[in-house]
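Dear colleague,

Please find below the structure that I am handing over to you, together with its sequence.

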Amino acid sequence: MKRITPMEIFNKDFKHAIRGYDIEEVNEFLDLIIKSYEDVLQENEYLKEQLKKAKSASSRRTGNTAPHSAVGKSGGEYDEVIKNILNRLEHLESLVLR
């Protein structure tokens with residue numbers, strides 16, 4: 001599924017109808033959506049970077065270079081952090097893809 005960008009939301013035009021919605025109210029609401037969507041995208045990128053750093057640190061600590069090796073191991077100090085980041089990413093993606 002293709003993700004919609006904040007600029008696509010901003011540039012979307014709607015047809016005018018006789019008994020349509022208040023244009024100002026719709027525009028204000030779309031501005032809020034754009035801002036919220038931009039915030040979600042920024043947080044998503046931040047969390048991806050944190051996940052990459054945590055995996056890298058875990059790989060260096062264990063001497064394992066497999067990219068997903070830290071996720072399944074128990075007892076590691078980064079395991080809980082990685083699981084938390086993955087859960088947050090999944091939640092953010094589910095909000096964005098609604």
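Helix α2 gives the most to the lining of the largest pocket, with six residues. Please keep in mind that this is a predicted model. The largest pocket has a volume of about 370 Å³. Besides α2, helix α1 (6-11) also gives two or more residues to its lining. The lining is made up of 16 residues, and those nearest the centre of the pocket are Phe14, His16, Ile23, Val26 and Asn27. Sorted by class, nine of the lining residues are nonpolar, three are polar and four are charged.

In soluble globular proteins, nonpolar side chains tend to be buried together. In this model, the largest nonpolar core has 13 residues, among which Ile9, Leu47, Leu51, Ile85 and Leu89 touch the most other members. Both α2 and α4 (79-96) supply at least two residues of this core, and α2 gives the most, with seven residues. Leaving aside residues up to four places away in sequence, Ile85 touches Leu47, Gln50 and Leu51.

One further residue of α2 deserves a look. Asn44 lies in this helix, which covers residues 23-62. Is Asn44 buried or exposed? Asn44 has a relative accessible area of 2%; because buried means under 20%, Asn44 counts as buried. Not counting residues up to four places away in sequence, Asn44 touches Arg3, Leu89, Leu92 and Glu93. Of these, Leu89 was named above among the core residues that touch the most other members.

With kind regards

Note on methods:
Residues are numbered from 1 along each chain as its sequence is written. This is a predicted model: local features need pLDDT of at least 70, side-chain atom pairs count only at pLDDT 80 or more; totals for chains, interfaces and linings use all residues. Side-chain values use heavy atoms; hydrogens and water are left out. Helices (H or I, at least four residues) and strands (E, at least two) are DSSP runs, numbered from the N terminus. Buried means under 20% relative accessible area, exposed over 50%, partly exposed in between (1.4 Å probe, protein chains only). Contact means heavy atoms within 4.5 Å. On a 1 Å grid over the protein atoms alone, a cavity is a set of points where a 1.4 Å probe fits but cannot get out, and a pocket is an open set with protein on both sides within 12 Å along at least five of seven lines; lining residues have an atom within 4 Å of a point. Grid points are joined across faces, edges and corners, and a volume is the space filled by probe spheres set on the points. Ala, Val, Leu, Ile, Met, Phe, Trp, Tyr, Cys and Pro count as nonpolar, Asp, Glu, Lys and Arg as charged, and the others, Gly among them, as polar. A nonpolar core is a set of buried Ala, Val, Leu, Ile, Met, Phe, Trp, Tyr and Cys residues joined through side-chain atoms within 4.5 Å.
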